[in-house]
Amino acid sequence: MRRLSGIGVSPGIVSGRAVILIQRAQVLRYQVAEARLGQELDRLEKSRERSRRQLIDLRARVAARWPELASIFDAQLLMLDDPMLVSRVAEIVRDQRVNAEWAVQQAFHEFSAVFDEVADAYLRERKGDVSDLVGRLKMNLQQDGATPRDLLRELDESSVIIADELTPSLAAQIDWTKVRGFATDAGGRTSHTAILARSLEVPAVVGLHNASKLVQAGQLVVIDGTASEVIVDPTAEDLARAARAEEHPTIPGGDAERRRPAATADGVRIRLEANIEFPDDLAGAKYAGAEGIGLYRSEFLLAGASGMAVSEEEQYEIYRGMLEGMAPDPVTVRTFDVDEDQIASRLTDPSQGGWAADGERAGRQGLRGLRLSLTRPEPFQVQLRALLRAAQHCPQGRLRIMFPFVSSVEQVREARRMVQEASAELTRRGEAVPPVSIGVVIEIPAAAYTADLLAREVDFFTIGTNDLIQYCLAVDRADERVSRLYEPLHPAILRVIVMVRRAARRHHIPVSLCGEMASDPVLLTLLVGLGLTEFSMTPAAIPGAKRVLAEARLDELRALARRIMRLATVEEIERELATVAAGFGRTSRTGASLER
Ligand code: PEP
Ligand code: MG
């Protein structure tokens, strides 16, 4: 038995057999179920035959012009039948029950090691030819329809995923009815994968540094998102605890409680909306009692698409479906928030299957969000037209369009001009275009500092604390090495939130907060004390938020916030907040440790 400790990002305890996913390597590795081994070997054989045909064809074309080079392809053809290569790959697939791409890579490492040892320089240089051939085999494996992602959908029910990192695009393609939970080496509490885990309500632990190396495929593990740990080879007692938790999950309140609008003990209404990543999450949001969608991360539509290309029709259907599904409540669609690298990695390596192939590790400070959309008018126009068309089907104001990653007034004006252009195009087509609300996410310090100026240009603000915290504190939100410095309670963060709230109030526009901070009930009470009354959060956090708010009086929360704004350190602030948490019968400010 071994305990690995990380950052619990989604509560609950589950046990299961480990499926190891390595994404940072060029090739994804995962386990193949016994019953699928035959198919996996078939893919390998098809790839060999396809490679053979291509090489014969290449050889013929090269020989016609440069006869002396044809032998390169003869050598590669011979290697295709070398027992150290394809036969060895098949052996690895069978013995280790892994996917063929990974096995090809492994066999190549073994093969290369032998080449490195030979004294003959000519022979040593032939490694380049092997590498070329291996690349071809891998490419042809991808052609075969059965991509790693397809196979991931076929995991068996007892799986838990242990990965170096789990990018949102890959996570989006996993069949979560099969996977019980996951743990990753990388990531922090507000990384998108962590956010996704909470939406999916699967227990998850991130920031484990090297779990994907320590845990073996097929090994029994317990993932305890509540206690922030992964137990490898658990004891019977740990397993029994996990089984009990799975049998009796903490069910958030009864129907009446869920449907009751959120309010403080003294009757002040607080609006709670939901953050969602997939249109299918709508049902969960409604079930949790959300009063609308406060943030739809539309870029998740791009997972599996090529570049930013999802057709107008497809997007229109999705947005319209969301508005209809959420009626009569509002839906806030954030336009694509991706960066150039994420799009580029998708374009240059389609096998990666999604916009976040390089994951959360990209700096994400460059050409991202609205900045990127403004430089790519075509996909931006497609998205805006789809949104405006969807808005035709609902009363004015129910669809809200929100621009991410805004850092200047100029960008907002330019974006508004783009909205006008999209609407003019629809008018030309003979379609009526209703007015829609336009807002921005305040998540870059420059936007927060100019909130008074931005407020004159838009209809609403949403404070995106996930990014605002990382840029204010200069702490990468997905980097496990600095996760301790990622601190929502830093006095700078509380001040910046108050500044934005004041600017919005002065200009009479609504302001909500959609960062993960709001999902933590204790932090939520502080935010209410700071004057915020609208929030958007992961649906699973809504029932707990309602419960905590119902126990608190606004005047007390205001007094608490006033006391906290005078404090200088995070430690002092935490101590002061702990008095509130104790009042709610809870022990810690991390959402994971609070019962939901
Ligand atoms: C945020 O930055 O707070 C936010 C809600 O958006 P995301 O987590 O998608 O960056
Ligand atoms: Mg953000």
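Select Glu 443 together with ligand 1 in this predicted model: an N or O atom in the side chain of Glu 443 is 3.1 Å from an oxygen atom of ligand 1, a polar contact in the sense of a pair of N or O atoms within 3.5 Å. Ligand 1 taken alone exposes 280 Å², of which the protein buries 100% (accessible areas by the Shrake-Rupley method with a 1.4 Å probe).

Next, select the shell of 14 residues around ligand 1, among which His 192, Arg 297, Gly 464, Asn 466 and Arg 477 come nearest (near means a heavy atom within 4 Å). By class, the shell divides into six charged, five polar and three nonpolar residues, with Gly counted as polar.

Colour α9 (192-200), β10 (293-297) and α21 (465-473), each of which supplies at least two residues of that shell; α21 gives the most, with three (helices are DSSP runs of H or I with at least four residues, strands runs of E with at least two).

Finally, move to helix α24 (residues 542-550), which is largely enclosed by the rest of the structure because eight of its nine residues are buried, that is, under 20% relative accessible area with a 1.4 Å probe, protein chains only. Including Lys 546 and Arg 547, the buried residues also take in Ile 542 and Leu 549.

Residues are numbered from 1 along each chain as its sequence is written, and chains are lettered from A and ligands numbered from 1 in the order written. Local features need pLDDT of at least 70 and side-chain atom pairs 80 or more, whereas totals for chains, interfaces and linings use all residues, and side-chain values use heavy atoms, without hydrogens and water.

Note on methods:
Polar contact = N/O pair within 3.5 Å; in protein donor to acceptor, adjacent residues only side chain to side chain. Buried < 20%, exposed > 50% of the residue type's maximum accessible area, 1.4 Å probe, protein only.
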